[in-house]
Amino acid sequence: MDARTIIESLTGKFPEAISEAEVESPIRIRAYVDKEKAKEVCQYLKDSLQFDHLCSVCGVDYPRRNEQEAVYHIASYDHPVVLMLKARLPRDSPEIESIVPVYWNANWYERETYELFGIFFKNHPNLKALVLPEDMLGEWPLRKDYEGFPNRTARNLV
């Protein structure tokens, strides 16, 4: 399956939920997904398009736009295409449905993204701290308005 076929399948199945879908190279696709449909789209990717490997979940902070993005990198063992799926979230209440029921390893990625960016993953089975020490919980240190961002000195957090 090639990148163009994948985009056509996604936009055909979810015409209202997928936007700005673009083939960046023969093996890279980028698209935006409506935050309310992200879990459903991921299930379709896994079940119908053989995107069976979640590579990462991370966040991006855009304070000037008052927005954050949840970013998913999803790959396939059957075809050489990697999809970067992004969901725009309001910065004051960034939340999106957890995809742990679709990709079990999202558990760790979503926990890390939650504690570093403050993106809340609804219905996550165990959304608790993963890497930060207790005295930093709730500080969202990867947000661009975090005091000391960018931190130009190393700090041992362990």
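Here is a walk through the aromatic pairs, the charges over rings and the salt bridges of this predicted model. Residues are numbered from 1 along each chain as its sequence is written, and side-chain values use heavy atoms, with hydrogens and water left out. Since the model is predicted, local features need pLDDT of at least 70 and side-chain atom pairs count only at pLDDT 80 or more, while totals for chains, interfaces and linings use all residues.

Let's start with the rings. The structure holds three aromatic pairs, where rings of Phe, Tyr and Trp (its six-membered ring) pair if their centres lie within 6.5 Å; planes under 30 degrees apart count as stacked, over 60 as edge-to-face and the rest as tilted. Take Y114 and F120: their ring centres are 6.1 Å apart and their planes sit at 75°, so this pair is edge-to-face. Y114 also pairs with W140, with centres 5.6 Å apart and planes at 65°, so that one is edge-to-face too. Y114 lies in helix 3 (residues 106-117) and W140 in the segment after strand 7 (120-122), so the pair ties together parts 26 residues apart in sequence. Helices (H or I, at least four residues) and strands (E, at least two) are DSSP runs, numbered from the N terminus. Ring pairs link Y114, F120 and W140 into a cluster.

How open are these rings? Y114 is partly exposed at 23% relative accessible area, F120 is partly exposed at 36%, and W140 is partly exposed at 22%. Buried means under 20%, exposed over 50%, and partly exposed in between (1.4 Å probe, protein chains only).

Rings meet charges as well. The charged end of R65 sits over the ring of Y62, 3.8 Å from its centre, and R88 lies over the face of Y32, at 3.7 Å from the ring centre. The test asks for NZ of Lys or CZ of Arg within 6 Å of the ring centre and within 35 degrees of the ring normal.

R65 leads on to the salt bridges. A search of the whole structure finds ten of them, each a side-chain nitrogen of Lys or Arg within 4 Å of a carboxyl oxygen of Asp or Glu. E67 bridges to R65 with the closest N and O atoms 2.7 Å apart; E67 is buried at 15%, whereas R65 is partly exposed at 44%. E69 and K86 meet at 3.9 Å, N to O, linking strand 4 (residues 67-75) to strand 5 (residues 82-90), 17 residues apart. E69 is buried at 1% and K86 is buried at 14%. Salt bridges that share partners join E20, R65, E67, E69, K86 and R88 into one network.
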